[in-house]
Each structure stands twice: as C-alpha cells, then as structure tokens.
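This report goes through one protein chain, feature by feature. Please keep the sequence and the 3D view open while reading.

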Amino acid sequence: QVQLVESGGGLVQPGGSLRLSCAASGSIFSINVMDWYRQAPGKQRELVATITSGGSTVYADSVKGRFTISRDTAKNTVYLQMDTLNPGDTAVYYCHAQIQLSPLRWPSAYWGQGTQVTVSS
C-alpha cells in the first residue's frame, strides 16, 4: 500500500515562510509527476506547483516567484518552499503523485491527507 505523508504546515505571519514536505512510502517502482494542490474554505482545490521526474516545474500564476517546488528522488520526497506568504495562501495543502507500482502497470494517482497552512497576524 502506498502512502503520501505531508508535514510542515502551521501558522505563520504575513511575509513569513514555511517549507512543506511529502514523503511517499510503500512498494513503489517509480514516481512520475509530483504536485502540490491547495484548497481554501469554500473554494475548489487548485494546482499550486508541479515537478516532473526530470525536474521540470510549473507554477500557478499566484505563487510564481514566491514558491519553489523540489524533489529528492532517492527519498521519494517532494518539497514546497513557500516564501513571502500572504493571507490569500491560507488553505489545506495536499500532496499528489502519479506512482507506478510495477513496470507492467500504468501509474495511478495518490493523495496525501493534507496539511493546514494559515497565514495571519
């Protein structure tokens, strides 16, 4: 069974920084794309940042220049460094990954349980 476990959320003042981590564990053959999504109260879940197995990245316009996604392939871990946070970044942040369990199977999507990020003075 594959699990994605996030950590690093919390309460931070405007202008502050947080670093989220998401570690994948289980019987994993390979991990393709890893993403961070977020969902604010009353809003739809939105894509924040994506990183491919080759290291290419894509960011939502709202976080470009402030957030940085990275991954440690050997540890099956993805990170989200969030700087210059503002109250509009308050949300539950979810890790998502396309994981292949064997070379004979197509990748499947997995989600973490979410971690709360609150930006407030």
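## Basis of the report

This is a predicted model, in which local features need pLDDT of at least 70 and side-chain atom pairs count only at pLDDT 80 or more, while totals for chains, interfaces and linings use all residues. Residues are numbered from 1 along each chain as its sequence is written, and side-chain values use heavy atoms, with hydrogens and water left out.

Strands of a sheet pair through backbone hydrogen bonds, either parallel or antiparallel. In this report, helices (H or I, at least four residues) and strands (E, at least two) are DSSP runs, numbered from the N terminus. Two strands pair if DSSP finds at least two bridges between them.

An open sheet is formed by 4 strands in the order β1-β3-β8-β7, with antiparallel pairing. The strands β1 (3-7) and β7 stand at the edges with a single partner strand each, so one side of each has no neighbour in the sheet. On average, neighbouring strands of this sheet are turned by 15° against each other, direction ignored; here axes are lines fitted to C-alpha atoms, for helices over the stretch in contact, and angles run from 0 to 180 degrees between N-to-C directions. The antiparallel strands β1 and β3 are joined by 5 bridges. Val5 has Ala23 in β3 as its bridge partner.

## Ser21 in strand β3

Ser21 belongs to strand β3 (residues 18-25).

Which residues does Ser21 touch, not counting residues up to four places away in sequence? They are Val5, Glu6, Ser7, Trp36, Val78 and Tyr79, where contact means heavy atoms within 4.5 Å. Ser21 and Leu80 are 59 residues apart along the chain, and their C-alpha atoms are separated by 6.5 Å.

## The disulfide

A disulfide is a covalent bond between the sulfur atoms of two cysteines. The cut-off used here is a pair of cysteine sulfur atoms within 2.5 Å. The structure holds 1 disulfide. Cys22 is joined to Cys95, with an S to S distance of 2.1 Å. Cys22 lies in strand β3 and Cys95 in strand β9, so the pair ties together parts that are 73 residues apart in sequence.

The torsion about the S-S bond of Cys22 and Cys95 is about -80°, which means that the disulfide is left-handed. Are these cysteines buried or exposed? Cys22 counts as buried at 0% relative accessibility, and Cys95 also counts as buried, at 0%.

## Salt bridges

Side chains of opposite charge can pair when their charged atoms come close. A salt bridge is counted when a side-chain nitrogen of Lys or Arg is within 4 Å of a carboxyl oxygen of Asp or Glu. How many salt bridges does the structure hold? There are 4. One of them is between Arg38 and Asp89, whose closest N and O atoms are 2.9 Å apart. Arg38 lies in strand β4 (residues 30-39) and Asp89 in the loop between β8 (77-82) and β9 (91-100), so this pair ties together parts that are 51 residues apart in sequence. Arg38 and Asp89 are both buried.

Asp89 also forms a salt bridge with Arg66, and the closest N and O atoms of that pair are 2.8 Å apart. This pair links distant parts of the chain, since Arg66 is in the loop between β6 (57-59) and β7 (67-72), 23 residues from Asp89. Asp89 has a relative accessible area of 1%, and Arg66 counts as buried at 14%. Salt bridges that share partners join Arg38, Glu46, Arg66 and Asp89 into one network. Another salt bridge pairs Lys64 with Asp61, with the closest N and O atoms 3.1 Å apart. Both Lys64 and Asp61 are exposed.

## Two positive phi angles

Most residues other than glycine have a negative phi, and most peptide bonds are trans. Asn76, a residue other than glycine, has a positive phi near 50°. Asn76 is placed in the loop between β7 and β8 and is partly exposed, with a relative accessible area of 24%.

Thr84 is not a glycine either, and its phi is positive at about 50°. The loop between β8 and β9 holds Thr84, which counts as partly exposed at 48% relative accessibility.

Key. Buried means under 20% relative accessible area, exposed over 50%, partly exposed in between (1.4 Å probe, protein chains only).
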